Number of protein chains: 2
Amino acid sequence: MTNKMLLSRLRRKLGDAVSTAPDDLARVSLDSARVPFRPDALVRPKSDEQVQQLLLLANKLGVPVTPRGAGSATTGAASPIHGGWVLDLSDWRKIRIDATSGMAHVEAGAVTKAINDAAEAKGWFYPPDPSSLKHCTIGGNIATNAGGLRGAKYGVTRDYVLALEGFLPTGEPVRWGAPLKKFASGFNLRDLWVGAEGMLGVTTRATLKLIPKPQSRWTCLAAFTNETQALRAVKQLLGLRVVPSILEFLDRQSVDCAQRRRGASFFPKTPACSLLLLELDGHPAAVRETRQVVQSLFKERALVTKQTADPEQAETLWEARRTCSQAMFQMGDTKLNEDVVVPVQGYQALLRYTLELRKLTGLATPTFGHVADGNFHVHLMYDHGDPAQCAQAERGLELLMEKVVALGGAITGEHGIGLAKSPFLSLQHTEAEIAAMKRIKDALDPNGILNPGKMFEPFRMWRAERDYNWTFPWDHHR
Amino acid sequence: MTNKMLLSRLRRKLGDAVSTAPDDLARVSLDSARVPFRPDALVRPKSDEQVQQLLLLANKLGVPVTPRGAGSATTGAASPIHGGWVLDLSDWRKIRIDATSGMAHVEAGAVTKAINDAAEAKGWFYPPDPSSLKHCTIGGNIATNAGGLRGAKYGVTRDYVLALEGFLPTGEPVRWGAPLKKFASGFNLRDLWVGAEGMLGVTTRATLKLIPKPQSRWTCLAAFTNETQALRAVKQLLGLRVVPSILEFLDRQSVDCAQRRRGASFFPKTPACSLLLLELDGHPAAVRETRQVVQSLFKERALVTKQTADPEQAETLWEARRTCSQAMFQMGDTKLNEDVVVPVQGYQALLRYTLELRKLTGLATPTFGHVADGNFHVHLMYDHGDPAQCAQAERGLELLMEKVVALGGAITGEHGIGLAKSPFLSLQHTEAEIAAMKRIKDALDPNGILNPGKMFEPFRMWRAERDYNWTFPWDHHR
C-alpha cells in the first residue's frame, strides 16, 4: 500500500485528528536530541477511542507509530526514525488531586511542573524534577523513568507511579497497577511500561503517589580545591547517613564555564574550584540537626561556603548549577551529554577519567551530576563542522561508556537508551538479557509498530544529520 | 521418559544436591496454604552452576521446577502442583551491608529479619516487614512483592530492590537493574520479576536499598465505638497528611477474638470496640508535632487511648494485633485469609460488607488491616469438616472478591495470586491484560517449566485436600 493510501485510511478513521501540515510534521520530526525524521502524519487524538483506532489500524497495516509528549527527550527516543505516524498526546493535560488519598490522577500530556503545582496547592508534593519540568509531560517521564535532582532522597518517576492506563500496541485497552496504595495481582506490567520508552504500550493516564510537602529547606554552596576533595566530602557525608534532598556536584571545568559566562567568580578568592550544592529538607528540627553535621564536615574540608534557609537567597546559590550546562557551548557548538551512573566506590576514578579523556581527545569534558546517587552528566564538547573533533568526540564517548561499565556503573541513569545509547546497550547487558527484552517486545508488539528502531538497533546518532537550527521552548538559555 | 529416568539424569548432573528422602519431599510439598503436592525431587544447589544445570536440564526435559524459600507463602504459590523438582534456595543466606552506599547485598535465602538486623547493626534500616519476617526469605519476599505493616509510609519490597541476579527459566544467567541508585538502561525486567511469584525467573541474589534508621517512635492504641467511628478517624488523619509508620485497624470481631483468648478486655470499660494501633516514627521533633495532631483528633473521636514512647510498653499495646489472627481459630478450624485493598473512599463500604457477609454466610468475618494503605485482611472462619460451612465460606469468598473489585479495589495487596486467588484473576484483570501476561510468560519460559499451574489456571484451593497436621516453624502461636 502506498503512503497515500495509508493516509487516506487513517483520515477515514480519525478525521481532523490527523494533520500533514508541514509545520506540524516538522515539529514532531525530532526531540531534544535534534535528529529529525519526518513522519507521514501527526495524530492528535481527542478520545480513547481515537487512540485505539489509530493503533488498531497501524497494527493491521504495519505502520510505525511513535508516541510523543513535549519532545524534551535527549536521546532521540521521540524521533520517528522509520517514519509512519506520530501519536501526540501533549493536549491530554487534565490533572485531578485526591487530597485524602494523596494521589494525582493525570493525563499523559500533563506537564510535570503543573502536576507539582496542583499537588502543592493542596499541601502535597510530587518530587520527581527532571530539569525540563516546566515543559516535559508525565507521559514522557513515565516512558523514560525520568529522574532529576531529588532522586537520591525521593527516587524517580517509577517510585511514584501507582497505575497506568492505556493501550497495548495491538490496540487493546489495559490498566496496569491500580489507583491504590498496594496491588499484588498478576504480573507487574506497570513497571515494565515505565522506562520502556514507548515501545511496549501507549500510556494515556496515570495515577501518581504524592507525599506531604517538606516543611523547611536549607541550602549550602561549598567550594573545594578540586574534584578529589569535593568527592571525598561526599563519600564522608553518605557514610554518615546524611540524605540530602539535593546534592549537586560541579567539576572545575563546569564551574569555569559558568564563571566565564557571568564574567566573575562565584568565590572571588578561589576562582578555580569544584562545587557542591547541597539542600536539606524536612522537619525544621531535623534539618537543623543534619545541617550541623554538614557544616562541621564542610568546615574541615571545604575552602569556603555560602548558606541560607531563605528561598530567594537559595536561588542565587543555584546560579552556577543552572547556567553551567548552557555555558558549556563556549567550548564547542555541539554537546554529547551523557548521564552515566557509578557506585560511590568509583566516583574518584570516573572523575579522573574525565580528565584523562580531555587529554586523549583534546575536547573539554565538563562534568556535573546528582552525586548522592552517583548520576554524573559527563559532557564532550566539540564543533560539529570539524571532522577531527567529531571523530575525537565519538572516540571519547566510546571510551567513557567502556570505563563506566568497567567501574560497575550504568550507561544511562535517567535519559534512557533511545537512539543515543543504542550502540552501547550490549556493553551494559549480556546477549541473553537483550534477547529476553526483545522477546518481550515481540510478545506485546508482534508487528513491531510501536516506536520501532529504538534501543535494539545500534544507531550512531552523532553521525546523523542533526537540526541545529530548530528551537525548542526550553532553549531560551542557549 | 519415566520419572525414574528423569531422576537419574538429575542425579548425574547435580549429585548430592538432589534428595528424594520422604521427609525432604514432605517438607517442600506445601507452603503455609497447606495444599500438599509431592514433588519428585528436592534440589538444594550449592552454586550458581548447579542452579543453571538444573534449569537447563528441566527446560530440555520439560520437568516442572518450583522455586522455594521458607515456604511461608499463604497462597500455595510454593506448592509443586504439577510435581517435578523443587528448587530450594533457603541455604543461600549470605548478607553483606555496604554502609557507605546504604545497600544490602543478599542471597535469595537470607531471612528478612536477618537482613534488617544486619542493616541496623550499621545504623541502616530495611523497612519491609511481612508478618512472617523471622522466617520468610528475601527471595520469597521478592517473588510476592511482600508488604507488611509499614507499607503506607515505607512502601513494599519492590520499593527496595535495586538489582536482581539469577537465571531465566531457560537457564541463562541474567542481572536486572544494578547495584546502583539509578538505572535507566533497557526494559525493566527487574520489576517484572518482583511479584512474578517465581514464574518468570529464578532470583539467586539481590541488592536492596536501605534508609537511615528512624530515630524515635511513638505508639498509640485507641478504642472506638465501632468500625464506622474508627474509619472516620482514619480518613480524617489521612486528609491531614499524617503519615504514620504503622496504622493497624481491628474490627470488633477481631478485638473480641483477642479478648476471649486473653480472658480480659483491653479497655475494661469498653469491651466491645474497634481498635486503631498507630505508630509514628522519625525525628523526635517531627514525631512530637504529629503526635499532637493525632492526640487532638483521637481526643475528639476515640473512647479511650493508651500511648507510649517506650519500646517495651509499646509491645504491650501490640497484644491485640499480634494475637487476634491466631485467636480467630476459636470461630472455626479453618481460615480464608484475604488481603484485599480498597481506596479510602471505600473503607466504610467494605467493613459494612464484612458484616453483611457474616449474616449471609453465618460465618465469622473478623477483619483487620493496614488501614493507611487500604490493605484489609478479611477472614472467613469455618470448620472444614462441615460441608455446609465449606460451601458458605466459598460463597462468602466469591461475594467478597466481587465487592472489592466493584469498590475499585484489588483482590490481593501483598500475598499475590498463587493458587488461592487464581479463580479471581479474571475479576481483577481484563482478558487482554491476562493474555498479555501469558504472552510474557511464554516469551520467557517457552516450555512452561517454571512454577507451572499458578496464577492463570483457576484452582479452588479451599476444595483441595489440605494438610492441617503439618506444623511450620511460624505456627507456635496456634
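Colleague: How much space lies in the largest cavity?

Modeller: About 150 Å³ lies in that cavity. The model is predicted: local features need pLDDT of at least 70 and side-chain atom pairs count only at pLDDT 80 or more, while totals for chains, interfaces and linings use all residues. Residues are numbered from 1 along each chain as its sequence is written, chains are lettered from A and ligands numbered from 1 in the order in which they are written, and side-chain values use heavy atoms, with hydrogens and water left out.

Colleague: What counts as a cavity?

Modeller: On a 1 Å grid over the protein atoms alone, a cavity is a set of points where a 1.4 Å probe fits but cannot get out, and lining residues have an atom within 4 Å of a point. Grid points are joined across faces, edges and corners, and the volume is the space filled by probe spheres set on the points.

Colleague: Which residues lie nearest the centre of the largest cavity?

Modeller: A:Phe183, A:Ser185, A:Gly186, A:Phe187 and A:Asn188 do, out of 16 lining residues. The elements giving two or more residues to this lining are β9 (173-177) and α7 (189-193) of chain A; helices (H or I, at least four residues) and strands (E, at least two) are DSSP runs, numbered from the N terminus.

Colleague: And the second largest cavity, what lines it?

Modeller: Its lining includes A:Ser101, A:Met103, A:Leu180 and A:Lys181, together with residues of chain B, among them B:Leu238, B:Tyr347 and B:Asp373. The space there is about 70 Å³.

Colleague: How are chains A and B related?

Modeller: A rotation of 180° with 0.0 Å of shift along its axis superposes chain A on chain B, with an RMSD of 0.0 Å. The two copies are thus related as by a two-fold rotation axis. Superposition is by least squares on the C-alpha atoms of residues with pLDDT of at least 70 in both.

Colleague: Turning to the sheet in chain A, what is the strand order?

Modeller: The order is β1-β2-β4-β3, in an open sheet with mixed pairing. Strands β1 (18-19) and β3 (65-68) of chain A are at the edges with a single partner strand each, so one side of each has no neighbour in the sheet. Two strands pair if DSSP finds at least two bridges between them.

Colleague: How many bridges join β3(A) to β4 of chain A?

Modeller: Four, and the two strands run parallel. Within β4(A), A:Leu87 is the bridge partner of A:Pro67.

Technical notes:
1 Å grid on protein atoms, 1.4 Å probe; cavity = no way out; pocket = protein on both sides within 12 Å on 5 of 7 lines; lining within 4 Å.
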